[in-house]
Amino acid sequence: MVTQLNPDSWQIAMQLDIERMTGKSRGPLHGLPILIKANVGTKDKLETTAGSYALVGAKVPADSTIAAKLREAGMIILGKTDLSQWANFRSYNSSNGWSAYGGQTYDAYFPMQDPSGSSSGSGVASDLGLAFAAIGTETSGSIVSPSEFNNLVGIKPSVGLTSRYLVVPISERQDTVGPMARTVKDAAKVLQVIAGKDTNDNYTMASPFDGSLPDYVGACKVDGLKGKRIGIARNVIELAAKNDSAPIIAAFNEAAQVIASAGATIVEDTNFTSYATYANSSIPETLLQADFVSDIANYFSELELNPNNIHDLAELRDFTQNFPLEDYPNRDTGIWDAALAASINNTSPEFWPMYQTNLYFGGEGGILGALERHSLDAVILPTSMAYPVSALVGAPLITVPLGAYPKDTKVEWNDRGDLVEQGPGTPFGISFMGAKWSEESLIKMAYAFEQKTLVRGKLSHYVQPRTELEDVVV
């Protein structure tokens with residue numbers, strides 16, 4: 001799950017200890033270790049690989065803004081975590097948590113358990129307490145899904161609340177960077193540090209927070225649900241439910257009662273009116289592919305050192321298909337094949353009208369329309385059903401532990417047959433979804449729910465780490 005340890009972390013920790021001893025504190029996270037996903041750039045001795053040998057040895061010109069903010073806050077970047085390769089944007093037939101560079105990551109709740117993707121290593125490492133928290137990235141589900149599979153809190157911020165500068169991209173319209181932690185308050189502390197405008201990422205300039213950010217940590221109040229209007233998009237649950245969804249839906253319905261008992265008003269049937277059309281549309285995937293064609297080429301152009309001389313998606317595919325350790329064709333390049341066959345990027349004439357359709361799916365026909373029509377503070381859904389629509393409009397959501405599959409659950413494997421997708425004791429979560437820039441309000445609600453239920457402490461791992469940091473870092 002951790003592909004690299006920072007060889008300078010011990011020295012950095014000692015320097016931060018000296019600062020504290022001499023009266024300097026950089027804030028509440030001073031001296032705490034954090035792990036970051038391997039697609040987040042650092043200008044140090046760590047690689048930024050996105051899980052691929054195509055980027056081994058590549059050098060970014062500076063720390064990503066996220067890494068720089070973490071260091072400024074006094075956090076120790078302990079290492080890089082494995083991910084589903086290229087943030088799950090290469091293959092149609094790979095495994096969550098697998099990358100050529102990092103191998104296969106597993107969850108700790110059941111043998112060979114699917115860690116979900118793409119921030120798989122960040123989820124497992126944070127869950128096991130290998131650091132205070134971890135950084136993940138999300139285009140559609142890649143923070144909140146591994147967070148729910150690992151019994152964690154994951155905050156997927158509004159696109160533009162956190163910078164993506166020197167983060168290996170998928171889509172400039174949907175990519176965002178956020179924290180994965182064991183409690184809402186810990187996640188809020190990290191969000192407080194990494195949020196903010198950045199001239200290197202023009203999407204952050206749309207943030208309404210000109211002077212100072214909201215107090216995300218201060219939002220953690222036990223009465224945070226009181227007086228809130230919270231909707232349930234029942235049509236999404238009905239359409240997205242699978243044969244194995246019954247335990248999740250039952251726990252979700254109980255959670256709605258808990259939320260009501262905490263002083264919130266539950267509003268039923270605040271439906272996403274275009275959800276059925278969205279679920280059968282190829283437009284969302286086509287747009288991601290078009291963004292990737294443009295954005296990955298831009299990323300390669302920013303590298304200070306590009307040892308494999310890759311400049312665009314066609315060259316990246318050629319490298320991947322001809323470098324044996326990339327496990328091709330056993331793991332295909334189907335997503336890239338489709339992107340290149342479509343012959344469009346995000347400046348093509350066809351792109352804009354499709355993008356407007358996408359905005360409708362997520363906006364008037366999705367989360368934003370539901371919030372406005374029913375005067376809601378948030379919509380709640382099981383996490384596995386929540387993130388796709390919010391992703392379309394760059395809206396935020398927070399997942400909180402909700403429960404786990406019962407002991408008599410039948411073990412279900414993924415399509416490759418190499419990961420257990422669900423089994424006895426595997427976790428799932430509930431998500432609070434809101435309008436753009438509503439993180440403070442969502443944190444209030446998520447924290448109050450967390451404190452009412454305390455689900456995380458009720459689940460148990462089948463394996464526990466036994467190695468201390470001092471055993472592996474000298």
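A nonpolar core, as used here, is a set of buried Ala, Val, Leu, Ile, Met, Phe, Trp, Tyr and Cys residues joined through side-chain atoms within 4.5 Å. Keep that in mind as we walk through this chain, which is a predicted model.

UniProt, in an unreviewed entry, lists residues 2-442 as "domain: Amidase". Over that stretch the chain is 34% helix and 15% strand, with the end C-alpha atoms 30 Å apart.

Now for the inside. The largest nonpolar core has 84 residues, and those touching the most other members are Ile-135, Leu-225, Phe-272, Val-379, Ile-430, Phe-432 and Ile-443. Take Phe-432: beyond its sequence neighbours up to four places away, its contacts include Leu-225, Val-379, Ile-380, Leu-397, Ile-398, Met-445 and Phe-449. Apart from this core sits another one, made of 26 residues, among them Ala-50, Ala-87, Phe-300 and Leu-303.

Next, have a look at Ser-431, which is part of strand E15 (residues 427-433). Ser-431 counts as buried because its relative accessible area is 0%, and the cut-off for buried is under 20%. Who surrounds this serine? Leaving out residues up to four places away in sequence, Ser-431 touches Val-379, Ile-380, Leu-381, Thr-383, Ala-386, Leu-397, Ile-398 and Thr-399. With Thr-383 there is also a side-chain to side-chain polar contact of 2.9 Å.

Just past H6 comes Gly-196, with a positive phi of about 135 degrees.

Note on methods:
Residues are numbered from 1 along each chain as its sequence is written. This is a predicted model: local features need pLDDT of at least 70, side-chain atom pairs count only at pLDDT 80 or more; totals for chains, interfaces and linings use all residues. Side-chain values use heavy atoms; hydrogens and water are left out. UniProt positions are given in the numbering used here, feature names are shortened, and annotations may be inferred rather than shown by experiment. Helices (H or I, at least four residues) and strands (E, at least two) are DSSP runs, numbered from the N terminus. Buried means under 20% relative accessible area, exposed over 50%, partly exposed in between (1.4 Å probe, protein chains only). A polar contact is a pair of N or O atoms within 3.5 Å; within protein, one must be able to donate a hydrogen and the other to accept it, and residues adjacent in sequence count only if both atoms are side-chain atoms. Contact means heavy atoms within 4.5 Å.
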